[in-house]
Each structure stands twice: as structure tokens, then as C-alpha cells.
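Visitor: Please put the model on screen. I have some questions about how its parts pack.

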Amino acid sequence: MLNINNLHVAVDGREILKGIDLRVKAGEVHAIMGPNGSGKSTLANVIAGREGYDVTAGNIQFLEQDLLELDPEERACSGLFLAFQYPVEIPGVNNLYFLKAALNAIRKYRGEPELDAMEFWELVTERMRRVKMDESFLKRPVNEGFSGGEKKRNEVLQMSVLEPAFAVLDETDSGLDIDALKVVAEGVNALRGPERGFLVITHYQRLLDYIVPDVVHVLVDGRIVRSGGKELAMELEEQGYALYSGGESGHSRRANA
Amino acid sequence: MAELAVVDDRHYQRQLQALCAERAEPAFLSALREAGMARFEQLGLPTRRQESWRFTDMSGFAAIAFERASPAPIAADQIPAPFETDPATQGPRLVFINGRFNAALSRQIELPAGVLIDSLAQAQSEHGALLEQYLGRSPELTGNTFSALNDALFEDGALIYIPRGKQLEQPIELVFWSAPQSGAAPVAVYPRNLILLEAGAQATVVESYHGASAGDTAEAGACFCCPQTECALAQDAVLHYHKLQQEGQVTYHLGALRLQLAANSQADLHLLSASGKLNRTDIHARLDGPGADCSIDGLTLLQDGELGDYHLCVEHAQPLGNSRQSFKSVLDGKSRAVFDGLIKVVKDAQKTDASQTCRNLLLSKRAVANANPRLEILADDVKCAHGSTVGYLDPDALFYLRARGINEAEARAMLVYSFANEQIERIKLAPLRERLERLLHTRFYPEGKSS
């Protein structure tokens, strides 16, 4: 479903990702764990199409398409979703209008009829119950004045409404208390299925207690240094990243400085 | 910079002579005109050497010989339809074509006893005493050339008088349509409105300026609109006031707005300028009784080659007053927005609560915004806040919308629309608000896209 081949990415001339290879099949949940500054968010942003990143080598195939050739909106319309680490506040645009515009843009792209106000209302309120959000959120401007937890829930709500083929969750657990974490995980688990893939990016193992991954990758200094089953997350929790952050990767960082 | 001379020094003086020759006016009017002309001649046409015109280049204006407009034949369908479509709630409507009242295009309704809504020219004969008492008596715009010029040359406009305790439910619509006739010289109009609310009276007024340009270039079709509106609110009066500028592309609109607010009176002003080569309105609001409340929302939409300018002074002359000003501009192409806002709190105006913001959204690298919020506070127990911002669309917000599938053009439109619409949202008059929302939508959304 998502194939990343030898991906090298630089920001302002500095190489952040140094040859990532990753294959996520439909129905799988992959987790990427790594210390701060290892390139986790860069990977998420490059997949979603944010400006400011130079792909210096490699490619990303998504559902038979060359992902890097697509605009962010084309990626979204093709079924890609990024749950933002820092959801953006958009004053003046209300949540309901935004969600409806997004869903209808995607439906239109796929040649499906747009939903009218009533149909959309039924869909969105049903999905809101899933993430335990109050209807009053729909009338508020997108993310404006939302608490950290509300913003993350709003990301999961958007994902539930847009039903992407593939979702990237960029540190969706950061800043959440345990109750909010469970709600977010339930929202994600409700979408798990044989036709859908996930890439869950996190610093901590905690989220993976609730969203149990099929494969765990360890990203250190722009490279995947180890991959394994869900037990790898437990191991990292106990031992930390120290094992990986010295030696070879340290040398390469100095070499690039 | 070379100084461009007005066509000649006596140009506007001759207009006054012609006007006076046509009319036999009472002494107080002649005195107002003469004092206005004297001030105008003393001030001269503004140049960028004057502080309050530093960013507003009037050299193009000064080179055009605007002539007093004559009444023009105009078809009813050229005038914008009333924003209120339900006849049951339609209010009175006064239409002025090239500065003259047009009864055929206007609409009268049955008014509560004592309420006066009439053209100023007609009111002169029947209500001369009222005009003598109030005209030219509201807080002055000292040093403002165009307020002085309007004093000298105004011909017509509206008189609105609401007696004590009376409330007019329906909105009062004042429509000013101005344009030169095809091939004719550039025209000047000098509308003058007087809005008087006695103690406890309430009214809603929508003053709108429209017109067409004969040609889109050079001076052909140029129009100079120089309106002045005075509002006097007695104790506990409530005024909802709206001013809309949607004039032709070659219009120079140089307006004045003067308000006097007595104790516990409330005024909310909503100002929209959506087109015109040069739009400037100078405002002086004086909170002249304890507990007066004045809020002003301004929205300026500018396209390539346009300039929008608000200069305002909100003067807290008595204690316990509240004032809030919120101005926004959206600038496209090579355009400029100028804002100069002064909050003045006199020594005795304790417990004043005043705030002022000015936000500018630049859609083009060639657009420029000059914002100058100022405070002048002599009292020591007050709450005053002000601030201004100038910036481009937030790239993070744009990416966020695009990452959800919304294409770039629509994402931009959504952000610009919502920025502007925050000003429109506060208009309580629903049919007007909806009309302006449609205006914003047409302006900012890609063609054929509905919300």
C-alpha cells in the first residue's frame, strides 16, 4: 500500500532522512519509534506533502502512484491522512463547514456525489459519538481555543469522517492524559480493517498498548536501525534508545556537521 | 516630488458661488457654508507633507477638475435592490442620484408620530429650526479638508429624527448613486446626513454609496464623493449604523463621520469599503456623557491600484465610557491600506474601557499597509488596549486545509473569507449581513463554487 524506497530528505541543506525503506501492506499497523530529532516528524510531513523538504533521493509509492508528484490535496483525495502533531488553529472557519468541505472535496475527486447538509450532519454526529466529542465543537472555529486533548480528538474525528485508506499519526499521543489516550486509540481501532493501513509515529510505547502494531521500527538519526514485532516496543520502553544513539549514528552526525 | 496643482485655485470657490446663486438659504446655512469654504481655503488640498496624508497620495485627485453633478436620468434597475426583500419588514428608503433626492425611486412608509425621515433639502423649509440647532454642531474634524468642503458645498442628503423614547423597528436605507453621464466631465457630489436620536430613541441606518464608471481608465468617468454624516445621540439612545462603499472604480470617496454620544447611549458602527480608487473616511466620535458606548467595525477590501484609509479619533470626554474599534483590510495587487486610530481619554474620564485593533491581510507582495494606533490618556484609572498586525496568509493553516483534501485555491478563499467575515458577523441586521456575506463569497471564492 505504502512503499518507501531509499528515501533521503534534507532541510536547508542538512540531511535528516538518510535512506528510509518501509513497506506497509493494507490491513497492517506499523509503528515508528525513535528519540527526539531522529526524523520522525520529517517523515510524516514528507508523506503528507508539506513544503520545505528536499527529497534528494528515493521515492514513495502509494496505491500505485508516485506520491511525491502529488499536491497535498491530491494525496488527501487519494486516501492519505495525516493526524498532525500540532493541529493548526483556524479562526473564523467553523469545524462543521471545514469537515464538510473536506469530505466533499474528496468525494468529488473520486467521482462520488457530494453529501448535502442533512446527510453530512448524520454522518458527523455519529462519528463524534465515537470520539466522545460534544456537538458544540462543530460550531466552533477549527481548533481555536481547543485544549491539547481536544485538538487530538478533533484529528481523530476528521479521520473517522474522511475514512482514509492510509493514515499517518504523528505523535498523536503527545500531551494526552490516559483517558484521552484511550478515546483516541478507540477511534483509531474502530477504523482498523483489512483494507486500511496505519503508520503510528510515537516517542513512547504507551500508545502502543492501546493501538497494537503489527510491526515496530526504530528510527535513529534518519535511519531505520531495527524492525521487529510489538515486543520491540516493550524492549525500547525498558532500555531506551541509548543502545542505538551512540556508535555509528553518532559518527554520521558528526560527519554531516 | 513635483506638486500637481488643482485645475485652478478658485475651482471649488466657484462651485460655492454657483450653488448660492441657485438657492435662497437662511442665514445659518450661508454662515456654515462660508465658514466651511474659509477653512477649506486655509487648509488647501492635502499633500503628503501633511502628517495625516503622509501615506495617502492625493496628487491624482488634485489634477482632476470635478464639476458639481447634475441630476442624471437613471432607470430603477440600475439602483441596487433593497437588501430587505420582505415588504412587511422593509423600512423607508431614500435614494439620491448624483446628490439629489429622487422621490420616484424612494420608498416611504407610515412612520410613528413625530419621527421625521426626509431629504435635507425638503426638511429645510419645514424643519429649519431643527437643522439650525444641530447641523454642523457635532464633534469637529479639525483640520479635515473634506469635512470643510462638505460644509461649504453640500446640497442634499437625509434628515433622520427620532423623538424621545420612539423606536423605529425597520431599518432606514439611504442610497447614494453617483456617476458622470457618458462622456461628461468628472462629477463631484457632497451628500450630507443628519441623524438625531432623542433620549431613549432607537434606529437602524444603512447608508450606502454606489455608482458606475463610464470608463475604467484615466479621468473619464471619475467621480468625487464627499459625504458627511453627523449623528447626535441623546441619553440612552441606541443607533445601529452601517456605511457601505461599493462605488465605481474611478471614485475618490473622501468622507466624514461625526458622532456625539450622551450618557448611556450606544452606537455600533459597521463600515465596509469594497471598491473605489481611493476611499478615505475620517471619524470623530465623542463619548460626551457618562457610560456611553461606541463600537466601530471596519472592513476594507482592496484590489490592484486602490487605496483605503480610515482616520479616527475616539474621544472619551466623560467617565465610564466603553469603546471598541476593530478594523481589518484585505489587500490584493498593488494596493495600500492606511489606518490611523487615536483613542483620547481626557483627565476626568475615569473608568474608561477602550480597545482598538487593526489587522491587515496581504494577498500580494506589492500590497502595503500602514497602521498607526495611538493612545492619548490623561486619566489614571482606565483600561486601554491597542494593537495592529500586518501579514500574509498563514502557511500552516493553508497546509492543514490542503492536507484534508481542499484544493489550494479554495483553501485560500476559505481563509480570506473567514478573516473578512469576522467583521460582517457582528452585523445584527440579518438581511444586510447575508447580502454582505454573499458579496464576500463572490469576491473571494473561485468561480462557480458555492458553500
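Visitor: In which hand does α4(A) pass α5(A), left-handed or right-handed?

Guide: This is a predicted model, where local features need pLDDT of at least 70, side-chain atom pairs count only at pLDDT 80 or more, and totals for chains, interfaces and linings use all residues. Residues are numbered from 1 along each chain as its sequence is written, with chains lettered from A and ligands numbered from 1 in the order written. A crossing is left-handed if the near helix is turned anticlockwise from the far one by less than a right angle, and right-handed if clockwise. For α4(A) passing α5(A), the crossing is right-handed.

Visitor: Why are α4(A) and α5(A) called oblique to each other?

Guide: Angles under 35 degrees count as roughly parallel, over 145 as roughly antiparallel, 65 to 115 as roughly perpendicular and the rest as oblique. Angles run from 0 to 180 degrees between N-to-C directions, and axes are lines fitted to C-alpha atoms, for helices over the stretch in contact. Helix α4 (residues 117–130) and helix α5 (residues 148–162) of chain A have axes 9 Å apart and an angle of about 135°. The pair is therefore oblique.

Visitor: Which residues of α5(A) does α4(A) meet?

Guide: Contact means C-beta atoms, placed from the backbone, within 7 Å. From α4(A) come A:Leu123, A:Val124, A:Arg127, A:Met128 and A:Arg130. In α5(A) they meet A:Leu157, A:Ser160 and A:Val161.

Visitor: How many residues does each chain bring to the contact between chains A and B?

Guide: On chain A, the largest share, five residues, comes from α3(A). Helices here are DSSP runs (H or I, at least four residues), numbered from the N terminus. The totals are 20 residues from chain A and 16 residues from chain B.

How values were computed:
Contact = placed C-beta atoms within 7 Å. Helix = DSSP H or I, 4+ residues; strand = E, 2+ residues; numbered from the N terminus.
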